[in-house]
Amino acid sequence: MPNISPIPAFNDNYIWLISNGNSAAVVDPGDAAPVARVLAERSLTLDAILITHHHRDHTGGVKALLARWPEARLYAPAAEPMPAATGTGLQEGDRLTLPSLGLELGVMAVPGHTLGHIAYHGQGLLFCGDTLFSGGCGRLFEGTPRQMHRSLTRLAALPEDTRVYCTHEYTQANLAFCHAVEPNNPELKKYLQKVAKLRQQGLPTLPTSIGLENAVNIFLRAHVPGVRAAVQHHAMAELNEDTEVFAALRRWKDDF
């Protein structure tokens, strides 16, 4: 398996670097400068760029990186604007192979944050952009609650040991909201303590795992009776479907 490490960018973004000592791929390079610096420091050649969605903080470094490494291949959602003139558009069910890294990934359509958002998964790895965060999920800038809930439900069904590489360090704030909704969740309490220690040391809280997120992430737990009861109390409304619970959770979090 290749090595995967975060390259911090902006205030709280992570650009994921996938490398094997010679070659590298990056996921969602919103800024070219930190990527170029790390590649130079580690004497790596950029072979591929993977994009999950079109937002600038995920695509802003693409053109500069391709100018410096013109042989690198660009992969991005087929349903969204391509961040550079040359690139391969991907959609649900497609597969891409990175031979230099020994990596084969499948593509899942996960609309919600944006309509064309995709995720890359395979070999126990998930690169999910701004769809799933540790303890949270992306805002609904383009999609509907039903679309996002379906996307998250699909991700939650992946094997529990799947390592989840999200693209923002939002974990501590997300868990504060999870605790407000589900204060008696023992797994959440333990994770809150772990995350607090990591952040005190300036360390990333990512990657997380599907199993952990299913246990603590309130947006994957709309089906849990205690969560539904808490959301109904806050919304002062009866919510009959998991999608309705999810939608009310997302509205609650937006104002939290």
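Predicted model: local features only at pLDDT ≥ 70, side-chain atom pairs only at ≥ 80, totals over all residues.

Residues are numbered from 1 along each chain as its sequence is written, and side-chain values use heavy atoms, with hydrogens and water left out.

**Entry 1: two loop residues**

I looked up Leu220 and asked: is Leu220 buried or exposed? Leu220 counts as buried because its relative accessibility is 10%. I found Leu220 in the loop between α7 (210–216) and α8 (225–235). For element names I follow DSSP runs numbered from the N terminus: helices are H or I with at least four residues, strands are E with at least two.

Next I checked what Leu220 touches, taking contact as heavy atoms within 4.5 Å. Setting aside neighbours within four places in sequence, Leu220 is in contact with Leu132, Leu152, Ala156, Glu213 and Asn214. I also took the C-alpha separation of Leu220 and Pro99: 34 Å, for residues 121 apart along the chain.

Then Gly93, which sits in the loop between β6 (88–90) and β7. Its relative accessible area is 55%, so Gly93 is exposed. From Gly93 to Pro207, 114 residues apart along the chain, the C-alpha atoms are separated by 24 Å.

**Entry 2: the sheet from β1 to β6**

I count strands as paired if DSSP finds at least two bridges between them. On that basis, 6 strands make an open sheet of mixed pairing, in the order β1-β2-β3-β4-β5-β6. β1 (3–9) and β6 are the edge strands, each pairing on one side only. For angles I use lines fitted to C-alpha atoms (for helices over the stretch in contact), and the values run from 0 to 180 degrees between N-to-C directions. The twist from one strand to the next averages 25 degrees. Helix α1 (residues 32–41) packs on this sheet and touches β1, β2 (13–19), β3 and β4, its direction making about 140 degrees with that of β1.

I went through some of the pairs:

- β3 (residues 23–27) and β4 run parallel and are joined by 5 bridges; Val27 stands opposite Leu50 in β4.
- β4 and β5 run parallel with 3 bridges; Ile49 has Leu74 in β5 as its bridge partner.
- β5 (residues 73–77) and β6 also share 3 bridges and run parallel; Tyr75 faces Thr88 in β6.

Why do I call β4 (residues 45–50) largely enclosed by the rest of the structure? Because 5 of the 6 residues of β4 are buried. β5 is mostly covered, with 4 of its 5 residues buried.

**Entry 3: the sheet from β7 to β14**

This one is also open and mixed, with 6 strands in the order β7-β8-β9-β10-β13-β14. β7 (95–98) and β14 (208–209) each have a single partner strand, so one side of each is left without a neighbour in the sheet. I looked at β9 (residues 118–122) and β10 (residues 125–129): they run antiparallel, joined by 3 bridges, and Gly122 stands opposite Leu125 in β10. Helix α4 lies across β8 (103–109) and β10, at about 150 degrees to β8.

**Entry 4: pockets**

My pocket rule works on a 1 Å grid over the protein atoms alone: an open set of points where a 1.4 Å probe fits, with protein on both sides within 12 Å along at least five of seven lines, and lining residues having an atom within 4 Å of a point. Volume is the space filled by probe spheres set on the points, with points joined across faces, edges and corners.

The largest pocket comes to about 260 Å³. It has 17 lining residues, with Phe133, Cys137, Gly138, Arg139 and Tyr170 nearest its centre. β12 (136–137), α5 (171–181) and α9 (242–254) are the elements giving two or more residues to that lining.

The second largest pocket holds about 180 Å³. Its lining includes Leu220, Leu152 and Ala156, and helix α4 (residues 145–156) gives the largest share, 4 residues.

Note on methods: Buried < 20%, exposed > 50% of the residue type's maximum accessible area, 1.4 Å probe, protein only.
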